[in-house]
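Me: I would like to go through the ligand site in this structure. Could we begin with how the terms are used?

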Amino acid sequence: MASSDLTSIVWLRDDLRLDDNPALAAAVDLGLPLTVVYILDEDSEGVRPLGSASRWWLHHSLASLASSLEASGSRLLLQRGPAEPILKDLAAATNAGHLFWNRRYGLPERTVDAAVKAWAGENGIEALSYQANLLFEPWTIRTGAGGPYKVFTPFWRACLASGDVRDPLSAPPQLPPPPAGKTGSGPAGDALETWRLFPSSPDWSGGLAKTWEPGEEGARQRLEDFLEGSAQDYGTGRNIPGVEGTSRLSPHLRFGEVSPFRVWREIRGRFPREVPADVGIFRSELGWREFCWHLLYTNPDLATRNFRPEFDRFEWEKPGKDELAAWQQGRTGYPFVDAGMRQLWQTGWMHNRVRMAAASFLVKNLLADWRTGEAWFWDTLVDADAASNPANWQWVAGSGADASPYYRIFNPVTQSKKFDAAGNYLRQYIPELAGLEAKAIHEPWKAADGLHGYPRPLVDLPGSRERALAAYQKLKDS
Ligand SMILES: Cc1cc2nc3c(=O)[nH]c(=O)nc-3n(C[C@H](O)[C@H](O)[C@H](O)COP(=O)(O)OP(=O)(O)OC[C@H]3O[C@@H](n4cnc5c(N)ncnc54)[C@H](O)[C@@H]3O)c2cc1C
């Protein structure tokens, strides 16, 4: 083919959107025939395969993206396997002269990207990458001494002082058509259904489908509903699991269906003079997301290694199969923990307040290694995130950056009484307890008329707390 027949490729990854997609916008500006490809890469070295709930989400997100691309005159090419050889073949098949993508921050992914970039350079292909999924790229935020931050507050202060957050780009109204190729039809891709990303026997995804609308439109709607509704009471509402007081944007952010730049801009647009304090708290939660990625960037094995190496000496107990199953299935006998774990199973999401209590119960009351819980959340959360999940688990365990102090052990009964006083959340997820009054529901084992099939407490709270404190003290003294 002549050089005038050159085409472009946009390689989409964790940025399944048309809006504020700098890689896509740059390719549109260039105007050459365009291949938009998504590669399901679970084969490149070190890449963590997606969990089951994430696979369900990905299926629907890709389906939604494919329709948007078609409506804009393009199409989504699906390929599966190690990204580097696939891209090489694709570039050859389409006579690509330009390759665009938005940056990723995990080490295995960066390694793949660097290899592709090097290969492109050697072969006369221009490979350009863009900032799209983090407001502040990890290497740009440094302490006075030049190192990475380990504590959130100064990290976030440094981010905010580092300059304005850029405005998001609009979705291109029209995309260049895909290249015709030698056969006139362009390279063939996989049919999404053949990837079998959703569960079949049994299909446990009914609750997920009822709860979520994966894709850009679902993300846009969530953001708008949140900013119009609970955002202004976020400071209080975010702690009450029985109400929809948080944005529920996490899976949309995880898959890049909405850009953090768009979220930031919508807040500024709605509150041009001054961002209300409650909305400011919400913005700093976005800051926690940035912080987790900052941590992962400098600690690539955050999901497998203690951030604080002294925790390598910590004496975790291996939970019995039944104990672990009771936690996973929401049968610990502590309603706050169980409601959370059942919410997770049914909807693929759990309220943050309850995540903290459920995680604390596993690592402190059962003294299980945080990696056990991290793996379960990785499999079951629709927002399972390579940075936020391990960073938060390590925060709860005390082994992480800016971690919760070791003596902080969430008491699931106190948490329940404080944050779900009327028991609405508990009743929603634990039908066995639906008949109990607010006074009795937090400690059902004390109820005069029995437990209605709900289990008795798996462990004694004061005893397991003492055991955890002793184990943590031993580590401190060693
Ligand atoms: C043990 C444990 C595991 C977690 N695993 C994940 C995970 O895999 N993926 C994930 O996105 N969040 C995780 N979180 C953080 C938090 O629970 C969720 O981000 C939040 O519940 C998502 O709901 P939301 O979108 O309504 O949040 P909102 O309160 O509306 O917050 C807005 C956004 O800020 C970010 N955010 C909020 N809190 C945190 C936080 N503590 N850490 C990092 N980012 C945050 C999320 O992107 C979230 O969508 C975990 C927390 C705990 C305690």
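Reply: For the class counts, Ala, Val, Leu, Ile, Met, Phe, Trp, Tyr, Cys and Pro count as nonpolar, Asp, Glu, Lys and Arg as charged, and the others, Gly among them, as polar. Please note that this is a predicted model.

Me: By class, which residues does the shell around the ligand have?

Reply: The shell has 15 nonpolar, seven polar and six charged residues. In total, 28 residues surround the ligand, and the closest are Tyr234, Thr246, Ser247, Arg248 and Asn352.

Me: Which residues have polar atoms 3.0 Å from an oxygen atom of the ligand?

Reply: Leu249 has a backbone N or O atom 3.0 Å from a ligand oxygen, and a polar backbone atom of Ser250 is also 3.0 Å from an oxygen atom of the ligand. For Arg355, an N or O atom in the side chain is 3.4 Å from a ligand oxygen.

Me: How much of the ligand does the protein bury?

Reply: The protein buries 96% of the 820 Å² that the ligand exposes when taken alone.

Me: Which elements give two or more residues to the shell?

Reply: They are α9 (250-254), α11 (277-298), α14 (352-365) and α16 (388-397). The most comes from α11, which gives six residues.

Me: Why does the ligand lie between domain 2 and domain 3?

Reply: Domain 2 (134-167 + 214-298) and domain 3 (309-477) both contribute residues to the shell around the ligand, so the ligand lies between them.

Me: Turning to the backbone, what is the phi of Arg248?

Reply: Phi of Arg248 is near 55°, a positive value in a residue other than glycine. Most residues other than glycine have a negative phi, and most peptide bonds are trans. Arg248 lies in the loop between α8 (234-237) and α9.

Me: And is the peptide bond from Ser201 to Pro202 cis or trans?

Reply: That bond is cis, with omega near 0°. Pro202 is in the loop between α5 (152-161) and α6 (206-211).

Methods: Residues numbered from 1 in each chain as written. Predicted model: local features only at pLDDT ≥ 70, side-chain atom pairs only at ≥ 80, totals over all residues. Heavy atoms only, no water. Near = heavy atom within 4 Å. Polar contact = N/O pair within 3.5 Å; in protein donor to acceptor, adjacent residues only side chain to side chain. Areas by Shrake-Rupley, 256 points an atom, 1.4 Å probe, with all protein chains shown as cover. Helix = DSSP H or I, 4+ residues; strand = E, 2+ residues; numbered from the N terminus. Domains from an automatic or database assignment.
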